[in-house]
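I opened the notebook to record what I looked up in this structure. The entries follow in the order I made them.

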Amino acid sequence: MPMRDDILIGELLIDEGVITPDQLDIGLREQKKTGDFICTTLVKLGFTTEEKVFVTLSRHLNVAYIRLKEKEIAVDVVGRVPAKFASHYKIMPIEFKEGHLVVAMADPLNVRILDDMRLLLGFEVRGVLATEVEIQEAIRKYYGIGAETLEKIIAQKPVFEESKTKLAGVEDIGALAEEASIVKFVNQILSEAIKERATDIHLEPFQDELRTRFRIDSVLYDINIPDTIRYFHPAIVSRIKIMAGLDIAERRLPQDGRIKIKVGDQELDLRVSIIPTIFGEAVQIRVLSSAFFLELKNLGLSREDLDIIEKVITRPHGIIFVTGPTGSGKSTTLYACLARINSSAKKIITIEDPVEYQLRGVNQIQVVPQIGFTFSTALRHMLRHDPDVMMVGEVRDYETAEISIRSALTGHLVFSTLHTNDAAGAVTRLIDMGVEPFLVSSSLECLMAQRLVRVICPRCKEPLPQKAKDEILKHFRDLQAEFYKTELYEGKGCPECRFTGYRGRTGIHEILVITEPLREMILNRASSQQIRQKAITQGMRTLRQDGLAKVLDGLTTLTEVIRVTQQEG
């Protein structure tokens, strides 16, 4: 049966018109299953908002309602309540004065929590209202991810000295890695990374700390983890190795593995890389979604560029290269192209290192260089399977380049990637590898260079003040007049974007379609600069020009475009 207090609060919300009687009945039934506070349950069901509920409760119960996101809490106040108490009771200490501790709590009628805290801490405790979501965020912010888990481990076992940790036997570390508390702590790190939209997790050991960082929207951020994590570094690494199927006894050589996890309805693929450093093993985890979800139209292509790509990828043969540095979204673009042309009428085979996303109906091969199964070896065997479309994850050497290009000349449509700064640079890179200019000229259909720029946070987006706009524009020459007439935007920073002003990323692109004049230039070994200039005269929009167009559209900032593109001469 639901507690009488929950029914009273529900009836109060009905009287205020915040919810309906039917919604309360549904909420009480759901609350019996979860054990959550009734207000939290009603918000989760979508019947109301936290703001409406807590403003109403504050007014009727004469209890102050605070926004924890807007409050800075002193370290000495946080230290008065152990992390395990804050996490267990879902409270956050916010102020200590005149012998009284003020704590934020989501359930104002649960006097048992206040009584327990008075008994445990030995001083008077007074409660104020805050939402459960903001309380949980504050606990993570001030105590660190998994603080209560580490406290529990330390309470159950003697705290490890660093020297003992380093000398611990493999069997001991392996046993500790399987303990429920270490398992829980690693899961907490993974959950937080996914919640924060991180694409990479870095665990880096140093002399007196284990630094934890997440890469979010291309930028690395330090993540608040309790200092005591350094005592459990070997156990944490061993736990990750166990999850990835790696050898926990091997600590001298790099190891690579993969973990599959499920979060809600989403399946995630975690690529694990472990390298030995002088202070222990460093871990890097790349977070990938197992289900491919990006469509070609969602990559940030302009209408004109999208039309060009739509036409190019439906050609019967030829080779299409996507170029750019590591982490610029090349693989995502290739997958989007394959997803667009994928049908039962075509046989598509890919060779990748590693397979990043799974595409339904596509034969995907992962190379294993350690046993001699390389891109070039896989390519030769792939051709015997009569593919219509082929994707080669990356052209790294002459052999792979030549086989890919000859495949394009024998009636196959081939997609691949190269590491070059711009689209035109791909031509000279291929010739430098040793591929004959006539093969390059005959097979190339399209070259696409791309970068990722951060998008202005929609929550805190605002027009750039004229003074700030003038200050930025004076550093530019030859900007089109639209920049001086059009409103430019920036993100002022908010909790949603970690006070960076950016949330999410989009692509900027440079698409060079190979025309007959360009084929002649390639045959004559023209430089990449000459090819680039010719392509611009034929209408190609450069990376920087595409980026500036997105600035005018209010998607990103001039500063961000400058960060990822080079000055054009």
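**Thr-212.** The cut-off for buried is under 20% relative accessible area. I placed Thr-212 in strand 5, residues 210-216. Next I listed what Thr-212 touches, leaving out residues up to four places away in sequence. The list reads His-202, Leu-203, Tyr-221, Asp-222, Ile-223, Ile-225 and Ile-229. I note here that the model is a predicted one.

**Whole chain.** I then stepped back to the totals. The chain has 569 residues, and 51% of them count as buried. I found 25 helices and 18 strands. I took the contacts with a separation of 6 or more: residues 24 or more positions apart account for 65% of them. The accessible surface comes to about 27800 Å², and carbon and sulfur atoms hold 50% of that.

**Leu-12.** Leu-12 sits in helix 1, residues 4-15. Its relative accessible area is 16%, so Leu-12 is buried. What does Leu-12 touch, not counting residues up to four places away in sequence? I found Leu-57 and His-60. I checked the His-60 pair further. Leu-12 and His-60 are 48 residues apart along the chain, and their C-alpha atoms are separated by 8.5 Å.

**Helix 7.** I looked for the buried residues of helix 7, residues 111-121. They are Ile-113, Leu-114, Met-117 and Leu-121. These residues lie on the same side of helix 7, because they cover an arc of only 95° around the axis. The face turned away from that buried side carries Val-111 and Leu-119, both exposed. I then asked which elements the buried residues of helix 7 pack against. The answer is helix 6 (83-89), strand 1 (91-97), strand 2 (100-105) and strand 3 (124-129). Gly-122 follows helix 7, and its phi is positive, near 85°.

**Helix 16.** I repeated the check on helix 16, residues 375-383. Phe-375, Ser-376, Ala-378, Leu-379 and Met-382 are buried there. Down the axis of helix 16 the buried residues fall within an arc of 160°, so they line one face of the helix. I looked up what covers these residues. The cover includes strand 11 (348-352), strand 13 (389-392) and helix 17 (398-409).

**Cysteines.** How many disulfides does a search of the whole structure find? I got 0. Cys-457 is in no disulfide, and its nearest cysteine sulfur, that of Cys-494, is 3.8 Å away. Cys-497 is in no disulfide either; for Cys-497, too, the nearest cysteine sulfur is that of Cys-494, 3.8 Å away. The cut-off I needed here is sulfur atoms within 2.5 Å. I also checked burial. Cys-457 has 0% relative accessibility, so it counts as buried. Cys-497 is buried as well, with a relative accessible area of 3%.

**Surface patch.** Which residues make the nonpolar surface patch of about 310 Å²? I noted Phe-206, Ile-278 and Phe-279. I followed up on Ile-278. Ile-278 is found in the loop between strand 8 (266-277) and strand 9 (280-289). With 78% relative accessibility, Ile-278 counts as exposed.

How values were computed
Residues numbered from 1 in each chain as written. Predicted model: local features only at pLDDT ≥ 70, side-chain atom pairs only at ≥ 80, totals over all residues. Heavy atoms only, no water. Patch = residues over 30% accessible without salt bridge, like charges linked within 9 Å, V, L, I, M, F, W, Y side chains within 5 Å. Areas by Shrake-Rupley, 256 points an atom, 1.4 Å probe, with all protein chains shown as cover. Salt bridge = Lys/Arg side-chain N within 4 Å of Asp/Glu carboxyl O. Helix = DSSP H or I, 4+ residues; strand = E, 2+ residues; numbered from the N terminus. Buried < 20%, exposed > 50% of the residue type's maximum accessible area, 1.4 Å probe, protein only. Contact = heavy atoms within 4.5 Å. Arc of directions from axis to C-beta.
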